[in-house]
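Please open the model in your viewer and keep the sequence panel beside it, so that each selection below can be followed in turn.

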Amino acid sequence: NAGVTQTPKFQVLKTGQSMTLQCAQDMNHEYMSWYRQDPGMGLRLIHYSVGAGITDQGEVPNGYNVSRSTTEDFPLRLLSAAPSQTSVYFCASSHFRVTDTQYFGPGTRLTVL
Amino acid sequence: SQKIEQNSEALNIQEGKTATLTCNYTNYSPAYLQWYRQDPGRGPVFLLLIRENEKEKRKERLKVTFDTTLKQSLFHITASQPADSATYLCALDNGGGSQGNLIFGKGTKLSVKP
């Protein structure tokens, strides 16, 4: 099992550009989440999904969109990148509930110029 | 206001000693608390989960305690090794049931010197 995979590993964007961060898991977990990690801020929840077709907002959802068309995939879209979105993004999946043990991906380091 | 705090940003100890990391919270009533390890450039990795009705949980050289009266969890690594050097995160559920979220502390960076 690959677990949770994320692509790309690194990305540089210009302000106003859009992009999609990819996340996939092969553990058949119903629950998936996106976090961002900033120095001195800890991990903060952006969006989460409790199953295919169902998503909800976390603590810091502004500027991001998600969708969940399959159990395996949970992409995160930046609609119009801003320097404040410079961060490391982690995708995670969990088995029984959103707050269950998180299986994290390796992360995407995003820089917005 | 609700807060989760890991009291030390950094902790330096000598190899072989016991490392003790602290996680305090206010205005939450978590059903359980989790500890994760994060190495530089990598995603966090789950270590231990302790429920509100459990006082202590052990896994090899790791021990976690959970005191819901003090609103505190302690994470111990006994006989520490340089390979234990990493950042350790605590996380709790915010008590929202099926709508709940995990709230993470900022982490404590542990350095174990040979």
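Before the first selection, one term is needed: a residue counts as buried under 20% relative accessible area, as exposed over 50%, and as partly exposed in between. Please also keep in mind throughout that this is a predicted model.

**Stop one: a pair in chain B**

Select B:Lys3 and B:Glu5, whose side chains form a salt bridge in which the closest N and O atoms are 3.7 Å apart. B:Lys3 has a relative accessible area of 40% and therefore counts as partly exposed, and B:Glu5, at 39%, is partly exposed as well.

**Stop two: two loops joined**

Now select B:Asp84 and B:Arg61, which meet in a salt bridge with an N to O distance of 2.9 Å. Where in the chain do B:Asp84 and B:Arg61 lie? B:Asp84 sits in the loop between strand 8 and strand 9 of chain B, while B:Arg61 belongs to the loop between strand 6 (56–59) and strand 7 (62–67), so that the pair links distant parts of the chain, 23 residues apart. Colouring by accessibility sets the two partners apart, for B:Asp84 is buried with a relative accessible area of 7%, whereas B:Arg61 is partly exposed at 26%.

**Stop three: a network in chain A**

Move to chain A and select A:Arg36, A:Asp38 and A:Arg44, which are joined into one network by salt bridges that share partners. Over all chains, a search of the whole structure finds eight salt bridges.

**Stop four: aromatic rings**

A pair of aromatic rings is described by the distance of the centres and the angle of the planes.

Next, select A:Tyr35, A:Phe90 and A:Phe104 together with B:Tyr36, B:Phe46 and B:Phe104, and you will have a cluster that is linked by ring pairs.

**Stop five: where the chains meet**

Finally, show both chains and select the residues in contact, which number 19 from chain B and 20 from chain A. How much area do chain B and chain A bury between them? The figure is about 1,500 Å², of which 52% is on carbon and sulfur atoms. Across this interface the rule finds zero salt bridges, while five residue pairs are in polar contact, both residues of each being at pLDDT 80 or more.

To see which parts of chain B touch chain A, highlight strand 4 (32–38), strand 5 (45–51), strand 9 (86–93) and strand 10 (102–104), the elements that each give two or more residues to that side. Strand 4 of chain B provides the largest share, with four residues. If you colour this side of chain B by residue class, its residues divide into eight nonpolar, eight polar and three charged.

Note on methods
Residues numbered from 1 in each chain as written. Chains lettered and ligands numbered in written order. Predicted model: local features only at pLDDT ≥ 70, side-chain atom pairs only at ≥ 80, totals over all residues. Heavy atoms only, no water. Contact = heavy atoms within 4.5 Å. Buried area = accessible area lost by both parts, 1.4 Å probe. Salt bridge = Lys/Arg side-chain N within 4 Å of Asp/Glu carboxyl O. Polar contact = N/O pair within 3.5 Å; in protein donor to acceptor, adjacent residues only side chain to side chain. Nonpolar A, V, L, I, M, F, W, Y, C, P; charged D, E, K, R; others polar. Phe/Tyr/Trp six-rings, centres within 6.5 Å; stacked < 30°, edge-to-face > 60°. Buried < 20%, exposed > 50% of the residue type's maximum accessible area, 1.4 Å probe, protein only.
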